[in-house]
Amino acid sequence: MQTLEEVLERYEAVIGLEVHTELTTLTTKMFCGCKLEFGAAPNTHTCPVCLGLPGALPVPNKAAIESIVLAGLATNCRIEKRSMFYRKNYMYPDMAKNFQTTQGPIAFCMGGHVDLEVDGPAAKERHGLAKAKAGEAFENVTVTEDGYRAHVGITRIHMEEDAGKMVHFGGEEGRIAGATHSLVDYNRAGTPLIELVTEPDLRTPEEARLFMQKLRQIYLTLGISDCSMEEGSLRCDGNVSLRRRGATELGTKTELKNINSFKSLHDGLLYEIRRQAQVLDEGGTIYQETRHWDPSAKRTIVMRVKETADDYRLFPEPDLAPYDLSDEFIERVRAKLPELPDAKARRFQEEFNLSAYDARHLVESTATAAFFEECMAQASSQKDGGKLAKPLANLIINDVTAWLNANPGQTLEGSPLTPGRAVELMGLVSAGTISSKQGKEVFAAVLEEDADPKAIVEARGMEQVSDTGAIEAVVDAVLAENPDKVEQYQGGKTGLIGFFVGQCMKQMQGKGNPQLINQLLEEKLS
């Protein structure tokens, strides 16, 4: 198959997402009082309502309605005061009552949007960007110095109940194909679930991945879900079609079902775009169908021909009255909105003079954003503590994030790296007491030994020599020992500066201040 870049020269990919999020921070289900608990023994949290027994009547969860309104306000949606639930009929064992209670044409949240900042390698997937200049706008993007900003519309966020969980035995990778038998756990049936549907505004797999990551940040900040893709509380369906560049009519779409990781979302869409292009180039037909992304085989597989809305026989839920949300209710929920990631990033830029890139990456995680703020709160009590903002941001974005990724399950809270130790470490590096390379060594030692940076530096004799007189004597000695290299440097071979620095550091057993050594060498060699 052709590369993505080759495909996008001729075709435009049109991508829309359906993001399903369980409201896991609630204590009970959507229409009954059964407990929400991931990992509980199968079928221990069920009742006549979530099992759909005759005569059982649903009672709505008010906290769930507050959560979806929060989600809508945080994503610039219009909150519909009047909406209602419908029955979506389908025959499958994971829903004992044979229908799902969901919302109809009008949902609680309609017509929102999210703006994505796309930069670095991620921006290279967007066709036509290389020819555009910063500030120029085309399609749904505005070009920036580092990439572009994409405006992604949100069609709706609606409320529904989750289905139970099917467990298949005897097949490959727990799938129904080839299974000898299947079991069903109804503990999850009836879990409050919100589904966000985007407009078909995404154009690259990277944009889709970034949208999912940003939505996860927002939901975690709101505290409405744990957004665990591993446990299934955040999952996504990706719809993608191709059309010739310049065409306006949408092509036939396929749906990638139940994507449970950011990488799978990107890789699945990437494969599907390339697959569809190959089919079209060979004169074939794209069918509207649901497909499964197989990460081990790195390909999509047909699951079923896609159903249409008529197949579900939607009709108003007779056991639930329509909702009439009051202005007072909506404003009461609005008052609960915390500082959202975009607003926090802007504040970090303004208060701490950080770049847009640094600020955005700090707020990717609520934990790293809170850690940075606590660091700056402690640094502000020191003289020139504000100058540590950039070094601390670099430490968190690079070293701390790498450590967290390498240690799944580890968190900053309760770790040996406290905000006070992070400030102390960056203070030592900024003051020239230790080099940046030594700083990484001390960072690792703090985590391994649970000790303060200053104590580690003293115990290992790492403190740099910054005495100008002492360093100048070493520089003079090195230059005197290498007259041929000095002549070559002065003849234009300036790359030898690294050799001279290395010789000075060797004589000082690695304790010389490299910045001061560089400065003195340049002065004496000029």
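Ile497, Phe500, Val501, Cys504 and Met505 of helix H15 meet Ile517, Asn518, Leu521, Glu522 and Leu525 of helix H16; contact here means heavy atoms within 4.5 Å. The model is predicted: local features need pLDDT of at least 70, side-chain atom pairs count only at pLDDT 80 or more, and totals for chains, interfaces and linings use all residues. Residues are numbered from 1 along each chain as its sequence is written, and side-chain values use heavy atoms, with hydrogens and water left out.

H15 spans residues 497-507 and H16 spans residues 514-525. Helices are DSSP runs (H or I, at least four residues), numbered from the N terminus. The axes of H15 and H16 come within 10 Å and cross at roughly 125°. Axes are lines fitted to C-alpha atoms over the stretch in contact, and angles run from 0 to 180 degrees between N-to-C directions. H15 is therefore oblique to H16. Angles under 35 degrees count as roughly parallel, over 145 as roughly antiparallel, 65 to 115 as roughly perpendicular, and the rest as oblique. The crossing of H15 and H16 is right-handed, a term for a near helix turned clockwise from the far one by less than a right angle. The contact of H15 with H16 holds eight nonpolar residues, one polar and one charged. Ala, Val, Leu, Ile, Met, Phe, Trp, Tyr, Cys and Pro count as nonpolar, Asp, Glu, Lys and Arg as charged, and the others, Gly among them, as polar.

Helix H3 (residues 205-222) packs with helix H2 (residues 62-74) at an angle of about 130°, their axes 10 Å apart. This makes H2 oblique to H3. Their crossing is right-handed. Leu70, Ala71 and Ala74 of H2 make the contact with Ile218, Tyr219 and Leu222 of H3. Six nonpolar residues form it, with no polar and no charged ones.

H3 also crosses helix H4 (residues 262-281), at roughly 155°, with axes that come within 8 Å. H3 and H4 are therefore roughly antiparallel. This crossing is right-handed. From H3, the contact takes Pro205, Glu206, Ala208, Arg209, Met212, Gln213 and Arg216; from H4, Phe262, Leu265, His266, Leu269, Leu270 and Ile273. By class, eight are nonpolar, two polar and three charged.

The structure holds one cavity of 30 Å³ or more. A cavity is a set of points on a 1 Å grid over the protein atoms alone where a 1.4 Å probe fits but cannot get out; lining residues have an atom within 4 Å of a point. The largest cavity has about 60 Å³ of space. Its lining consists of Leu8, Glu12, Ala13, Glu125, Arg126, His127, Glu139, Arg203, Thr204 and Arg245.

Methods: Helices (H or I, at least four residues) and strands (E, at least two) are DSSP runs, numbered from the N terminus. On a 1 Å grid over the protein atoms alone, a cavity is a set of points where a 1.4 Å probe fits but cannot get out, and a pocket is an open set with protein on both sides within 12 Å along at least five of seven lines; lining residues have an atom within 4 Å of a point. Grid points are joined across faces, edges and corners, and a volume is the space filled by probe spheres set on the points.
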